[in-house]
Amino acid sequence: MSRASEPAVDDVLQTPLQFLKGVGPRKAADFKRAGLVVVEDLLFRFPLRYEDRSRMQPIIALRPGQMAAVAGEVLSCHLQQTRRANFRLFTALVQDASGQIQVVWPNQAFLKDVIRPHQRVVLFGKVELWGSRGLQITDPEFEIVEGATHAEPANADAGAAEPLHTGRIVPVFERTGSVTPNMQRRFVWQALSQLPDDMYDPVPNEILAAQKWPSRRAALQATHFPPNDTPVDALNAFDTPAQRRLVFEDFFVFQTGLALRRHENAQVRKALVPQVNDDIRAAARAVLPFKLTPGQRDALAEIVADMQRAWPMQRLLQGDVGAGKTIVAVLAAIVAMENGFQVAFMAPTEILAEQHYRTVMKWLDGTRYRVRLLTGRVTAGTRKELLPAIARGEINLLIGTHALVQEHVVFKALSLVIIDEQHRFGVVQRGTLAAKGGNPDVLVMTATPIPRTLALTECGDMDVSIIRGLPPGRKPIRTVVKPDSRRDEVYALIRQEVAQGRQAYVIYPLVEESEKVDLRAATAMSEELTHVFPEFRVALLHGRMKGDEKDTVMRAFAAGDLHVLVATSVVEVGVDVPNATVMVVEHAERFGLSQLHQLRGRIGRGSHDSTCVLVYQAPWSDDAHERLKAMASSSDGFVIAEKDLQIRGPGDFFGTRQSGLPQLRTGDLTRDADLLEFAFNEARARVEQGRLGPALEHYVRAVWQRQFGLITVG
Ligand code: ADP
Ligand code: MG
């Protein structure tokens with residue numbers, strides 16, 4: 001296989017789409033809106049599906065109702081005026097060796113300048129019975145394979161007599177604005193015809209050979225215009241060698257970028273490298289409030305091993321809700337603090353930062369570590385005293401919200417940053433941390449499990465520790481799904497549990513678009529519950545309340561002074577009240593699966609049986625139905641995360657639409673999980689063993705530069 005040594009031949013792929021013949025400013029703008037700017041974008045956009053229009057049928061064998069492809073000669077044609085004003089039919093009589101058939105195009109008068117007698121045409125369309133006139137083909141796609149007039153648009157720019165829209169397996173593209181599927185098919189054909197044969201191919205030769213995959217050019221050709229012997233089912237499952245090769249290429253280039261970044265991170269030296277000795281181990285043991293689970297012990301060992309290395313840790317700590325990630329992080333913090341270094345511990349919300357603060361204070365009670373809380377609610381006076389103390393190194397552990405990184409907090413000896421993450425901490429955001437100086441170790445904790453495939457794409461440059469299993473003594477949670485109409489059963493359950501001394505959450509969705517309405521609904525619910533349960537104390541908690549009001553309510557609930565807490569989803573992450581045994585989620589159909597799992601994780605934390613009730617209101621979508629079914633059938637966060645990815649797709653998994661995951665333009669994290677794993681392993685191995693080669697490295701860096709702009713690899 002010949003292969004160019006320099007990736008520069010890629011220029012053709014980087015040609016803006018308006019340079020294709022037939023793409024004017026309007027179509028270029030439509031393409032751009034769909035994210036297609038250069039030729040590469042067009043060629044790496046897979047068709048929606050494929051249709052087999054390759055098997056020509058003899059006209060005599062056509063049956064009404066079928067979709068059929070026919071090749072023949074135009075015998076005659078006419079433009080007919082119908083009785084309706086302005087409605088004209090263009091008809092043609094087409095003949096093949098077996099017979100003749102009438103072909104009708106409603107309302108396409110311009111065809112009179114395109115289709116002429118004696119032309120050879122191929123047609124693809126629906127066969128219909130048309131009264132006494134017999135069979136006809138109505139409004140088919142067509143191509144003129146011989147004798148085209150100049151006005152004929154189909155093959156004009158391809159310059160070939162080869163049919164694109166019929167007579168073959170045809171790619172069907174999504175319509176993009178004014179660009180019809182047929183136009184796009186022609187543009188793709190044109191772009192393919194301009195590709196050089198010796199295009200640079202980022203997929204290494206050994207991989208192509210071992211997988212029996214085609215070259216890059218051949219793969220692009222076969223993906224858009226498959227040879228007629230390609231199984232159409234395989235094409236539509238995106239499972240042909242050509243398609244898989246392109247998916248692999250996308251994954252591989254992206255994973256190589258991540259691997260380069262990880263490799264470069266390992267060249268960085270951190271200013272502070274903690275040591276571990278028996279005294280430090282004893283100090284950690286002295287704090288430990290319970291016996292660690294094996295999963296926690298393994299994760300901690302991996303973290304502490306990283307911390308002792310010369311280069312900064314970049315580790316993701318995964319575990320299901322309630323798996324006990326906090327204590328693992330705090331033990332890691334103790335290692336740093338025992339070395340005289342500082343630790344920053346960041347939570348996604350103030351409530352959580354405050355809760356972490358209380359938990360940590362309880363665990364570290366009686367130790368000499370100085371722990372402080374820094375959130376937006378800290379008074380100016382306290383802040384004025386706190387900031388210099390941090391700068392002097394007198395504070396060992398600083399707990400706060402994510403704003404800690406953005407704020408101008410200066411540390412004297414920051415060696416570890418712990419991020420208790422709500423849902424997202426993408427590749428792109430991670431850059432900000434480096435700005436803190438000294439290259440501290442970074443430990444990111446996820447609130448709920450992330451499917452492995454998504455972790456590989458979002459965090460493939462990080463190392464991952466997973467805490468498997470939950471601490472002992474957890475009671476399984478019963479999950480029931482109920483329509484809104486059976487609300488009294490829900491109230492009966494709350495009454496019964498509260499009567500036994502337990503507590504209940506009632507959660508309301510709060511989406512930004514309808515925040516006011518939702519807030520009103522939550523407020524109304526809290527009032528209704530006050531009437532339904534006059535004997536109980538009911539309170540409302542929502543994100544619009546002032547910090548200290550929120551805190552008062554949360555504290556009261558945690559202390560058992562409140563029976564029912566009506567809340568918007570602020571309790572979603574991390575809040576720990578073991579006496580709460582009922583979680584009612586209102587409008588459950590509006591929550592994402594991972595979010596529901598998070599909410600359910602708020603109960604089942606004590607020694608009592610717990611129930612989660614998902615209350616839905618019709619109409620609910622199929623997706624919502626799937627989600628609630630998944631919730632009722634599994635309590636395993638890893639299983640739920642996979643399901644969530646399947647239902648929502650990667651762009652929505654993190655709650656916001658991240659349209660630009662470039663490595664996903666051809667790939668699908670569920671369908672192509674095996675290819676992603678393969679790409680991840682190949683990329684890491686090649687980078688770590690220095691076998692990447694200059695051309696591929698150059699290529700990958702150029703792609704990253706293009707796709708992430710300022711953020712460079714490393
Ligand atoms: P998450 O992983 O969701 O952040 P937490 O760290 O909040 O979970 O832990 C959940 C609860 O389990 C806390 O109350 C914590 O004190 C408790 N816990 C954690 N590890 C253990 C353990 N090994 N044995 C008993 N309880 C534990
Ligand atoms: Mg937590």
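These notebook entries record what I looked up in the predicted model of a protein chain with a ligand.

**Conventions.** I number residues from 1 along each chain as its sequence is written, and I letter chains from A and number ligands from 1 in the order in which they are written. Since this is a predicted model, local features need pLDDT of at least 70 and side-chain atom pairs count only at pLDDT 80 or more, while totals for chains, interfaces and linings use all residues, and side-chain values use heavy atoms, with hydrogens and water left out.

**Whole chain.** I began with secondary structure, taking helices (H or I, at least four residues) and strands (E, at least two) as DSSP runs numbered from the N terminus, and found 24 helices and 20 strands in the protein chain. Of its 714 residues, 53% count as buried, where buried means under 20% relative accessible area, exposed over 50%, and partly exposed in between, with a 1.4 Å probe and protein chains only. The accessible surface is about 31100 Å², and carbon and sulfur atoms account for 52% of it; areas come from the Shrake-Rupley method with a 1.4 Å probe, and for residues only the protein chains shown count as cover. I then looked at contacts (heavy atoms within 4.5 Å), and among those between residues at least 6 apart in sequence, 75% join residues at least 24 apart.

**Ligand 1.** Which residues are the closest to ligand 1? I noted K291, Q296, G322, T326 and R474, out of 17 residues that surround the ligand, a residue being near if one of its heavy atoms lies within 4 Å. By class, this shell has six nonpolar, five polar and six charged residues; Ala, Val, Leu, Ile, Met, Phe, Trp, Tyr, Cys and Pro count as nonpolar, Asp, Glu, Lys and Arg as charged, and the others, Gly among them, as polar.

I next looked up polar contacts, which are pairs of N or O atoms within 3.5 Å; within protein, one atom must be able to donate a hydrogen and the other to accept it, and residues adjacent in sequence count only if both atoms are side-chain atoms. An N or O atom in the side chain of Q296 is 2.8 Å from a nitrogen atom of ligand 1. Oxygen atoms of the ligand are approached by polar side-chain atoms of T326, at 2.6 Å, and of R474, at 2.7 Å. Taken alone, ligand 1 exposes 570 Å², of which the protein buries 81%.

**Nonpolar cores.** For a nonpolar core I took a set of buried Ala, Val, Leu, Ile, Met, Phe, Trp, Tyr and Cys residues joined through side-chain atoms within 4.5 Å. The largest one has 65 residues, and those with the most contacts inside it are F31, L42, L43, L220, F248 and F251. Helix α7 (residues 241-265) gives the largest share of this core, 11 residues. Apart from it lies another core of 44 residues, including V330, I334, V335 and V343. Beyond four places in sequence, F31 is in contact with residues including L17, L42, V179 and F187.

Leaving out residues up to four places away, R262 touches G460, D461, D463, R684 and E688.

Q503, in strand β16 (residues 503-508), is buried at 2% relative accessible area. Its side chain reaches the backbone oxygen of F557 at 2.7 Å, and its contacts beyond four places include G560, L562, H563 and V577.

**Backbone geometry.** The peptide bond from A618 to P619 is cis, with omega near -5°, and P619 lies in the loop between β20 (610-616) and α20 (622-633). N107 has a positive phi of about 55°; this residue sits in the loop between β4 (100-106) and β5 (120-129) and counts as partly exposed at 48% relative accessibility. D139 has a positive phi near 45°, but its place is in strand β6 (residues 135-146), and at 42% relative accessibility D139 counts as partly exposed.
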